[in-house]
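Hi everyone, thanks for coming. Please have the structure open on your screens, and stop me whenever you like.

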Amino acid sequence: MSEQENRAEIVDEKSEEVSPRGEETIVLARQVLPLRLQIVPLVNRPFFPKMMVPIVVEEARIKKMIGELVESESKHIGLVSVRPHEQDPTQPSIPIKSKDIYRVGVVGEIVQAAQATPDAPMQCVVAVRERFQIESVVREEPTIMVQVKYLIETDMSVNEELKAYSLAIIDGIKELMRLSPLFKEEMTLLLSRSNVNEPGRLADFAASMTTASVDELQDILESFNIPERVRKVLLLLKKEIEVSKLQVKISKQIEERLSKQQREFFLREQLKEIKKELGISKEGKEAEIERFKQRLEKLTLTEEAQQRIDEEMEKLALMEPASPEFNVSRTYLDWLTILPWGVFTKDNYDINKAQRVLDQDHFGLEDVKQRILEFLSVGIMKGNISGSIICFVGPPGVGKTSIGKSIARSVGRQFYRFSVGGMRDEAEIKGHRRTYVGALPGKFLQAMKVCKTANPVIMIDEIDKLTTSFQGDPAAALLEVLDPEQNRDFLDHYLDVRFDLSNVFFLCTANQLDTIPRPLLDRMEVIKLSGYILEEKLEIAKRFLIPKQLKEHGLQAVQLAISQTVLKEIIDGYAREPGVRGLENQIKKIVRKSVKRMVETKEQRITISQGEIRELLGKKLFQDEEIYRKSKPGVVMGLAWTSLGGDTLFVEATPVKTGNAGFKQTGQLGNVMVESSEIAYTFARSLLRQKNDKDRFFDEHFIHLHVPAGATPKDGPSAGVTMATALYSLALNKPVKSKLAMTGELSLTGLVMPVGGIKEKTIAAKRAKVKQIILPKQNQPDFEELPAHIRKGLTPYFVSEFEEVIKICL
């Protein structure tokens with residue numbers, strides 16, 4: 001078939017139409033198609049020839065144009081789709097221009113036009129005739145008018161290839177009818193009005209029935225070559241069939257699921273009725289009540305609890321399951337009956353076993369272990385370990401939480417831990433009232449439910465980090481819980497029945513005592529965990545940390561060797577903090593990198609040497625401060641206590657000769673420390689004048705006293721002696737002894753007053769390799785109570801006056 005035969009012929013505006021075979025045919029005047037058309041833009045889908053379509057017109061100028069055409073002889077309009085990317089749904093009032101529409105459309109004859117009111121949309125019925133192509137634009141306003149040329153299809157009945165395509169389209173339509181019954185009537189009408197001898201018309205009708213996009217349908221409309229159009233329509237049909245198959249599959253899956261659920265529902269209802277008739281099962285409400293009664297058989301209720309449960313049982317029996325109150329009452333009864341009323345774990349009163357458990361889980365902390373064993377011994381003597389509330393205070397990583405677990409294991413009780421750090425709602429402690437949706441009991445009754453016993457060990461972590469807000473003060477709510485005289489009648493807001501917490505062994509942990517409210521602190525027995533020295537960390541690493549990390553990384557003990565010398569260097573250079581958490585992290589890093597090396601090099605055993613530490617862990621986190629501060633006048637090492645344990649700090653003083661006296665402090669010092677520095681300056685100046693009346697050092701020099709690490713806030717009176725020594729050393733121009741540290745509060749008359757944190761400060765001195773330490777005389781008992789291994793290697797000096805300090809230092 002030639003290209004000329006495949007294309008449509010152009011029809012001029014005459015009363016006679018030329019047929020494809022050259023014969024003249026007489027036509028009606030209304031059938032003559034005008035060469036100029038006014039355009040109606042289509043914003044949804046294009047229309048195809050030989051179809052009757054409805055149109056809804058809302059734009060006023062288009063309604064006016066259609067109204068005029070209906071009254072005229074020529075009722076023809078052009079129907080052209082608007083390009084999708086030109087449509088702006090947010091601005092529907094902007095008129096569409098000729099540049100916004102496609103170049104190919106269809107001509108239609110207005111069969112009917114009706115409008116209920118002048119403002120209402122116009123309903124039109126249009127008979128679509130032929131395709132046309134826009135040649136030029138005649139005008140833009142008030143409506144678009146264009147010059148067109150028409151494209152009329154030739155007779156393709158002689159083409160066998162097209163017949164085959166047409167049959168394929170008909171088969172596809174039938175398949176679509178089978179899959180989508182929704183279009184059955186339209187498809188039937190299409191098949192009745194189309195046949196294989198009109199492939200172009202058949203393709204147009206088939207395309208109009210698909211859910212293809214505007215671009216795809218416009219492509220079909222612009223396909224003047226009929227074989228090409230038929231092929232494109234066949235592809236659209238195939239896609240439509242695949243989509244329909246997927247829809248059918250999804251619908252079938254949903255129906256199967258629903259059918260299965262319905263079947264299960266009916267069977268369950270039948271089973272319920274059968275069991276009800278046979279008396280082998282009870283209805284939902286009766287089953288719930290029976291379950292609650294079975295729980296109560298194992299409990300020893302108080303009179304108040306028994307009365308409340310009986311009332312709730314009667315109320316629940318009278319309620320309908322569909323009632324909103326039913327679930328509230330059932331949940332309340334569930335909590336009342338699941339709590340361990342009168343259920344206790346039998347305590348283990350073997351003090352030797354408790355000692356073994358504590359030694360297995362922890363190295364060092366002998367004073368702490370002794371205090372714990374004393375508590376247990378009292379419980380053994382009484383026959384009941386109750387009313388005990390212990391607070392472990394110490395820096396992070398010293399084993400406060402783990403020692404709580406060991407206590408629970410040693411006495412054979414259940415262990416429950418929760419943190420109150422950042423807690424700001426007292427309802428977390430005492431529960432929410434049942435009037436609120438989703439109300440729950442407080443943490444302590446939840447712990448009772450989990451432990452299933454009324455005498456567990458409950459650990460309250462981070463008790464020094466409670467906060468207060470408009471929702472209440474949790475610290476105040478804890479007063480009732482942690483008071484042995486009150487917690488036997490603990491009243492939770494949700495339960496609203498008194499529950500006995502006096503048999504619970506309470507353990508608390510904190511990093512410092514300053515932020516714990518005084519009334520709460522008075523209810524607790526405080527045990528301080530000061531931290532570990534190098535020798536203790538060394539043993540902890542060998543006994544606990546290294547085996548733990550080897551196991552977690554899948555290694556055997558023989559595959560990785562870390563010598564004692566290497567461990568000492570790691571502890572001294574990378575993990576000087578009081579706890580062992582930092583040391584564990586460094587060991588973890590070494591093991592991890594060793595595993596990577598084993599995987600890459602296939603080595604079976606690795607021994608870590610001192611030379612590899614820097615490569616594995618980077619540069620040291622802690623440097624030996626003596627390297628940078630060799631003994632010189634005005635520089636003295638002091639000892640300080642922080643919430644993270646003990647620490648060393650240097651006090652530096654330097655003179656500026658101005659001819660006038662003056663004094664200045666820097667280093668972000670707190671008010672108390674500033675006052676201590678002023679006392680030290682006044683006393684050092686006074687003492688120097690007493691010793692040598694002619695010495696005018698302080699009168700002629702401006703003194704600047706600085707405490708390094710200026711970004712760290714510092715406060716407290718214990719650096720008074722250190723600052724006075726630095727000032728006096730500067731005045732005499734004599735350095736103090738090396739490897740000497742001191743602590744103590746200085747009075748204005750030169751007395752050395754006692755300070756706290758002696759153990760932490762002594763451990764810090766050991767870590768800093770100090771050999772001599774100066775302490776207040778009244779702190780001598782505190783120092784002598786320290787374990788021998790902490791005191792070993794230290795020469796203590798106990799002083800009561802500042803002049804004794806001068807004799808020792810200078």
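Predicted model: local features only at pLDDT ≥ 70, side-chain atom pairs only at ≥ 80, totals over all residues.

The crossing of α18 past α20 is right-handed. The contact is built from Lys537, Ala541, Leu545, Ile546, Lys548, Gln549 and Leu550 on the α18 side, and from Leu583, Glu584, Ile587, Lys588 and Val591 on the α20 side. Sorted by class, that contact of α18 with α20 holds seven nonpolar residues, one polar residue and four charged ones.

Now the geometry. The axes of α18 and α20, the latter covering residues 581–601, come within 10 Å of each other and cross at roughly 45 degrees. An angle under 35 degrees would count as roughly parallel, and α18 and α20 are therefore called oblique to each other.

Stay on α18 for a moment, please. Helix α18 runs over residues 534–552, and Glu539 and Arg543 sit four residues apart in this helix, so about one helical turn separates them. Glu539 and Arg543 form a salt bridge, with 3.4 Å between the closest N and O atoms.

Helix α3, residues 160–179, packs against helix α5, residues 199–208, at an angle of about 25 degrees, and their axes are 10 Å apart. That is why α3 and α5 are described as roughly parallel to each other. Here the crossing is left-handed. From α3, the residues making the contact are Leu162, Ser166, Ile169, Ile170 and Ile173; from α5, they are Pro199, Leu202, Ala203 and Ala206. By class, the contact of α3 with α5 has eight nonpolar residues, one polar residue and no charged residues.

Back to charges, then. How many salt bridges does a search of the whole structure find? The count is 36.

Another salt bridge is between Asp522 and Arg518, where the N to O distance is 3.4 Å. If you look for this pair on your screens, Asp522 is exposed, with a relative accessible area of 53%, and Arg518 is exposed at 57%.

There is also a network to find. Which residues does it link by salt bridges? They are Glu288, Arg291, Arg295, Arg330 and Asp334.

Pro118 lies in the loop between β6, residues 104–114, and β7, residues 122–139. Pro118 is exposed, with a relative accessible area of 72%. Along the sequence Pro118 is 55 residues from Lys63, yet their C-alpha atoms are 9.5 Å apart in space.

The other loop lies between β19, residues 645–657, and β20, residues 662–666, and Gly659 is found there. With a relative accessible area of 44%, Gly659 counts as partly exposed. What does Gly659 contact, leaving aside its neighbours within four places in sequence? Its contacts are Asp699 and Glu700. The C-alpha atoms of Gly659 and Arg696 are 9.7 Å apart, and these two residues are separated by 37 residues along the chain.

To finish, let's zoom out to the whole chain. The protein chain has 28 helices and 26 strands. Of its 810 residues, 45% are buried. Among contacts between residues at least 6 apart in sequence, 73% join residues at least 24 apart.

Definitions and conventions
Residues numbered from 1 in each chain as written. Heavy atoms only, no water. Salt bridge = Lys/Arg side-chain N within 4 Å of Asp/Glu carboxyl O. Buried < 20%, exposed > 50% of the residue type's maximum accessible area, 1.4 Å probe, protein only. Helix = DSSP H or I, 4+ residues; strand = E, 2+ residues; numbered from the N terminus. Axes fitted to C-alpha atoms, helices over the stretch in contact; angles between N-to-C directions. Parallel < 35°, antiparallel > 145°, perpendicular 65-115°, else oblique. Left-handed = near helix turned anticlockwise from the far one by under 90°. Contact = heavy atoms within 4.5 Å. Nonpolar A, V, L, I, M, F, W, Y, C, P; charged D, E, K, R; others polar.
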